[in-house]
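Me: I'd like to go through this structure with you, one question at a time. Let's start once it's on screen.

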Amino acid sequence: MERGLLILVSGASGTGKGTVCKKILSDMPEIFYSISATTRQPRPGEVDGVEYFFITKEEFKTWIAEDKFLEYAEVYGNFYGTPLHKIEERLSRGENVLLEIDTQGALNVMKKVPDGIYIFLLPPSLEELKNRIKNRGTETPETLERRLNAAKAEIEIGKKYQYVVVNDTVDEAVKKIKAIISAELCKTSRNEKIFEDLIG
Ligand code: 5GP
């Protein structure tokens with residue numbers, strides 16, 4: 001059986017990757033979403049085992065020591081990691097897996113999984129990104145400036161991804177990502193079995 005696709009989506013903070021990924025998953029329920037582990041506190045409404053596995057720093061260190069992560073990174077003072085076990089299980093069963101992780105983590109995954117599908121989500125403009133972050137109402141002028149500079153550095157890393165999608169509207173971005181997944185699944189290299197069944 002063909003292994004499933006590992007689909008990784010990243011984008012600077014405020015780009016809307018969370019919303020885009022949620023819509024992809026509701027449109028394509030056959031895709032397995034990899035739930036990350038984090039040491040950050042849950043936000044109101046977040047549930048352990050749904051958005052993240054919320055674990056302590058000690059537990060996180062144990063998971064590192066036991067080699068349980070495909071990758072992990074420190075993002076804004078908290079640790080985030082992708083648990084390896086379930087991903088491997090799903091991919092080997094031919095299921096497609098979606099990861100939504102930051103650029104540092106993504107660069108590590110690219111080295112380990114060269115045949116993964118790497119998609120970078122861009123805001124329509126820096127001005128729009130600034131507005132989106134501002135509208136969350138969580139930033140002071142200094143932290144807004146810091147986030148914007150961090151966003152520019154992340155966008156630079158976006159050049160290393162295979163695909164880039166501008167998140168003008170969620171529906172358009174989702175449509176493009178679905179088209180990418182569809183094209184990847186149609187690659188001849190992934191469909192040798194069909195040839196074999198037809199002509200031996
Ligand atoms: P938030 O705390 O807002 O949910 O996420 C902060 C950042 O951590 C986002 O950029 C998100 O993509 C990233 N992130 C979430 N899970 C993981 C993970 O497992 N590994 C890495 N490297 N980054 C992650």
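Reply: One term before anything else: helices (H or I, at least four residues) and strands (E, at least two) are DSSP runs, numbered from the N terminus. What you see is a predicted model, where local features need pLDDT of at least 70 and side-chain atom pairs pLDDT 80 or more, while totals for chains, interfaces and linings use all residues. Residues are numbered from 1 along each chain as its sequence is written, and side-chain values use heavy atoms, with hydrogens and water left out.

Me: Which helix gives the most to the lining of the largest pocket?

Reply: A pocket is an open set of points on a 1 Å grid over the protein atoms alone where a 1.4 Å probe fits, with protein on both sides within 12 Å along at least five of seven lines; lining residues have an atom within 4 Å of a point. Here 41 residues line the largest pocket, and Lys17, Arg40, Arg43, Tyr52 and Glu100 lie nearest its centre. Strands E5 (69-75) and E6 (78-83) and helices H4 (103-112) and H6 (141-157) are among the elements supplying at least two residues each. The top contributor, with 6 residues, is H1.

Me: What volume does that largest pocket have?

Reply: Its lining divides into 13 nonpolar, 13 polar and 15 charged residues (Ala, Val, Leu, Ile, Met, Phe, Trp, Tyr, Cys and Pro count as nonpolar, Asp, Glu, Lys and Arg as charged, the others, Gly among them, as polar). A volume is the space filled by probe spheres set on grid points, joined across faces, edges and corners. For the largest pocket that comes to about 1,400 Å³.

Me: Which helix gives the most to the lining of the second largest pocket?

Reply: The second largest pocket has a volume of about 260 Å³. Of its 18 lining residues, Arg3, Gly4, Leu6, Val113 and Asp115 are closest to the centre. The lining splits into 8 nonpolar, 3 polar and 7 charged residues. With 4 residues in it, the helix you want is H3.

Me: In the open sheet of 4 strands, which are the edge strands?

Reply: Two strands pair if DSSP finds at least two bridges between them. This sheet has mixed pairing and the order E4-E3-E6-E5. E3 and E4 run parallel, joined by 3 bridges, and Ser36 has Tyr52 as its partner in E4. The strands that pair on one side only are E4 and E5.

Me: What is the order of the open sheet of 5 strands?

Reply: E1 and E7 pair in the parallel sense over 4 bridges, with Leu8 partnered by Leu99 in E7. E2 also pairs with E7 in the parallel sense, over 2 bridges; Tyr33 stands opposite Leu98 there, and Phe32 opposite Val97. Put together with E8 and E9, the order is E2-E7-E1-E8-E9.

Me: At about what angle to E7 does H3 run?

Reply: Angles run from 0 to 180 degrees between N-to-C directions of axes, which are lines fitted to C-alpha atoms, for helices over the stretch in contact (heavy atoms within 4.5 Å). H3 lies across E1, E2 and E7. Its angle to E7 is about 145°.

Me: What is the radius of gyration of the chain?

Reply: The chain has 8 helices and 9 strands. Taken over C-alpha atoms, the radius can be held against the globule rule, 2.2 Å times the number of residues to the power 0.38. The rule gives 16 Å for 200 residues, and the chain's value is close to that, so the chain is as compact as a globular protein of that length. Its radius of gyration is 18 Å.
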